[in-house]
Protein chains: 2
Amino acid sequence: MALIVHKYGGTSMGSAERIRNVAKRVAKWARAGHQMVVVPSAMSGETNRLLGLAKELSPAVGSPELNRELDMIAATGEQVSVGLLAIALQAEGVEAVSYTGWQVPVATDSSFTKARIESIDDTRVRADLAAGKVVVIAGFQGVDEDKNITTLGRGGSDTSAVAIAAALKAAECLIYTDVDGVYTTDPRIVPEARRLHTISFEEMLEMASLGSKILQIRSVEFAGKYRVPLRVLSSFTPWDISIEEEAKSGTLISFEEDEKMEQAVVSGIAFNRDEAKVTLLGVPDKPGIAFQILGPVADANIDIDVIIQNVSHDGKTDFSFTVHRNDYARTMELLEKTVGPATQAAKVVGDARICKVSIVGIGMRSHVGVASKMFRALSEEGINIQMISTSEIKTSVVIDEKYMELAVRALHRAFELEQIPT
Amino acid sequence: MALIVHKYGGTSMGSAERIRNVAKRVAKWARAGHQMVVVPSAMSGETNRLLGLAKELSPAVGSPELNRELDMIAATGEQVSVGLLAIALQAEGVEAVSYTGWQVPVATDSSFTKARIESIDDTRVRADLAAGKVVVIAGFQGVDEDKNITTLGRGGSDTSAVAIAAALKAAECLIYTDVDGVYTTDPRIVPEARRLHTISFEEMLEMASLGSKILQIRSVEFAGKYRVPLRVLSSFTPWDISIEEEAKSGTLISFEEDEKMEQAVVSGIAFNRDEAKVTLLGVPDKPGIAFQILGPVADANIDIDVIIQNVSHDGKTDFSFTVHRNDYARTMELLEKTVGPATQAAKVVGDARICKVSIVGIGMRSHVGVASKMFRALSEEGINIQMISTSEIKTSVVIDEKYMELAVRALHRAFELEQIPT
């Protein structure tokens, strides 16, 4: 008997039939005695349909001055979802009431299309829960202090659900999605990949930012900050499996570093094929050179990921970094025309055919030799490492993209991730 | 340079192309120096699509306990429209801002799906108008004192527009629709039917309630109560005709009874084929008999229109009334099984093949002989009058439905409605 938050994605809400299944699942939890709050996304395709209409009307859609109106339009997708889900719940014999973001209210700043939640008033929701109602709250949206509707950006419903769970001090926030949990790596690449029963927030942050696109990264940060236990699980399991079975399925993203977590040194292998590498060869090694190179790149709104500066040689050094592959051409142009000449670089070279592979594990903090084990595994496969970047709980290497699958499989095997840790 | 309210129906908002035309028309008025408030309906088909989804989820849609959720869903149609129209206006180079009902706020009671407007706060709208912005407000919706979203019922956007015009003391409220005004009668029946340049509120009320479905009747009552000049005009005229030309098109529904209005005795011919007639023959003529008959009918939620009780004869009388044709079978059953026996009626008879034809005109107040001219015209065509009902500004007759077109044409001719009054 606990307060539980469920979040359902757009695919789970994609048709009347699917909404009915969501309602049956929530009703099962409610009948088991739990206080239920449900945060659905817009029906799949709806947000794109609405934005498509807006784009037909103005070439300026995307520029800040239209963002308030875009949020006005986009927020209706989730508003429809909550109304429909409340109706479906009542058809299942469960009392239910729906709320938009402003009705709760979910207070945000005024950054239209990418607003940040500032506070959530739980008074009304708590009263409904106490009265035995299931409360259905529109995800993705909020309201600023001038009563303007705001949205949190793509995937914002995850953040809404976690923020609501935090405000209500929910026992758990269950994110129902189209995958059944977080895996040691992508099963399409490594068939032996194993679903993790538990993963720490820190690991999840690394896995998410490295391309395992399961949860919006902001929602994981939020969950970590407010210590909300978060579970990723599938909305495609039959709705009528037992609560116990369901409560143990998926992957729990936990803030408790229990002993079990310590057992596995590496939890998973993440990878990212969306990067490109650029290098300035032979730049003078003097103070301020990094800023001189990266400042103009940042000014051009290009996100930088891995940065490597080699030790200098004859007063010259080589400086490399990676950017998103979409920004590759723009970055090369910037370096060749502006930054290269300004820094007296001997040469600018680039390569868009690279990828990044990372081992992630909270156990790396207290275990030595993890990185060297990684390098040995790659070397045994004859894979050349172009760049290395490390943090407390992950080690990333940049390699030729043609070796990506090979590298992921070799590392998965080397760290015995197919085995349940004992 | 005046404060003007425009209202656009769902057909006018039916596609990106049509919304662009609405924006061009509004921009023209704004550029002419007018302060503009625009109230659009949902894109045509949208409200039905949303309600269709709700009906798929619950057989109970339509029962009061789901109405709050239906309003939550239905209100999104207009919310999308205001956002899109604001974007289209900005693409035309006109500053614009959109509001939902709750943002204004448009305060209503809590009668979900058929709420009534209680007050409108004009502070925010006035500030925007003063700043030179076009204000786009969602029609059809409001908010109750508990911050629940309400809707005003079908056609409620007309009422929203008039209420907003009243609150802002607008110079005129222009209702853009798919007809170009109010006609002396339906031009499909009488090709000579003439568009009225002006009609009084009282006449419009009678014309609307009698089946000329141009404006929601509640909006006309509202306009009359708050003395808002209302104009019905076509949204299909080219958007770039001159303001002067447009301001004179359509039909003005006026509260000023100027001399011009006095000139025409009869303004129009209304008709209604949706009625059925029932008669209790030979009921004892005693006090309370009308209530004894009509009480149970009203209790069964059957609306009654024309009621006739003939003078009594040997202590017995015949009692007739008309109901909507959809209620005919139910009414007959009620009379035959319950009311007839209870009132000791000799017989119950009914006829669903009738129609009602009415002449409407504010001039009837001060002119005698109008009704008799009507009866003579019908008699000359050999049309038998089954029931007669009169009010200050209209006279209605119930006749065999097969004579409806003939009657309408004869009356249109008899009162010379094809002529512009001199």
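**Cores, interface and a helix**

A: In this predicted model, the largest nonpolar core has 88 residues. Those with the most contacts inside this core are Leu84(A), Leu85(A), Val134(A), Leu84(B), Leu85(B) and Val134(B).

Q: Which residues does Leu85(B) touch, not counting residues up to four places away in sequence?
A: Leu85(B) touches Met13(B), Ile19(B), Val22(B), Ala23(B), Val38(B), Pro40(B) and Val136(B).

Q: On to the interface. How many residues of chain A are in contact with chain B?
A: 46 residues of chain A are in contact with 46 residues of chain B. The area buried between the two chains is about 3700 Å², and carbon and sulfur atoms give 63% of that area.

Q: Which three residues supply more than any other three of the area that chain A buries against chain B?
A: They are Leu57(A), Ile87(A) and Trp102(A), which supply 20% of the area that chain A buries against chain B.

Q: And how many salt bridges are found across the interface?
A: The rule finds two salt bridges between chain A and chain B. One of these pairs the side chains of Arg49(B) and Glu46(A), at 3.4 Å from N to O. The count of residue pairs in polar contact between the two chains is 18.

Q: Changing topic: where does His197(B) lie?
A: His197(B) lies in the loop between strand E9 (172-177) and strand E10 (198-200) of chain B. Its relative accessible area is 42%, so His197(B) counts as partly exposed. The C-alpha atoms of His197(B) and Gly181(B) are separated by 8.1 Å, although these residues are 16 apart along the chain.

Q: Last one. Which residues of helix H10 of chain B are buried?
A: In helix H10 (residues 289-299), the buried residues are Ile289(B), Ile293(B), Leu294(B), Gly295(B) and Val297(B).

Q: What covers them?
A: The cover includes strand E14 (275-284), strand E15 (304-309), strand E16 (316-324) and helix H11 (328-342) of chain B. H10(B) is followed by Asn301(B), whose phi is positive, near 60°.

Note on methods. Residues are numbered from 1 along each chain as its sequence is written. Chains are lettered from A and ligands numbered from 1 in the order in which they are written. This is a predicted model: local features need pLDDT of at least 70, side-chain atom pairs count only at pLDDT 80 or more; totals for chains, interfaces and linings use all residues. Side-chain values use heavy atoms; hydrogens and water are left out. Contact means heavy atoms within 4.5 Å. Buried area is the accessible area (1.4 Å probe) that two parts lose on being put together, summed over both. A salt bridge is a side-chain nitrogen of Lys or Arg within 4 Å of a carboxyl oxygen of Asp or Glu. A polar contact is a pair of N or O atoms within 3.5 Å; within protein, one must be able to donate a hydrogen and the other to accept it, and residues adjacent in sequence count only if both atoms are side-chain atoms. Helices (H or I, at least four residues) and strands (E, at least two) are DSSP runs, numbered from the N terminus. Buried means under 20% relative accessible area, exposed over 50%, partly exposed in between (1.4 Å probe, protein chains only). A nonpolar core is a set of buried Ala, Val, Leu, Ile, Met, Phe, Trp, Tyr and Cys residues joined through side-chain atoms within 4.5 Å.
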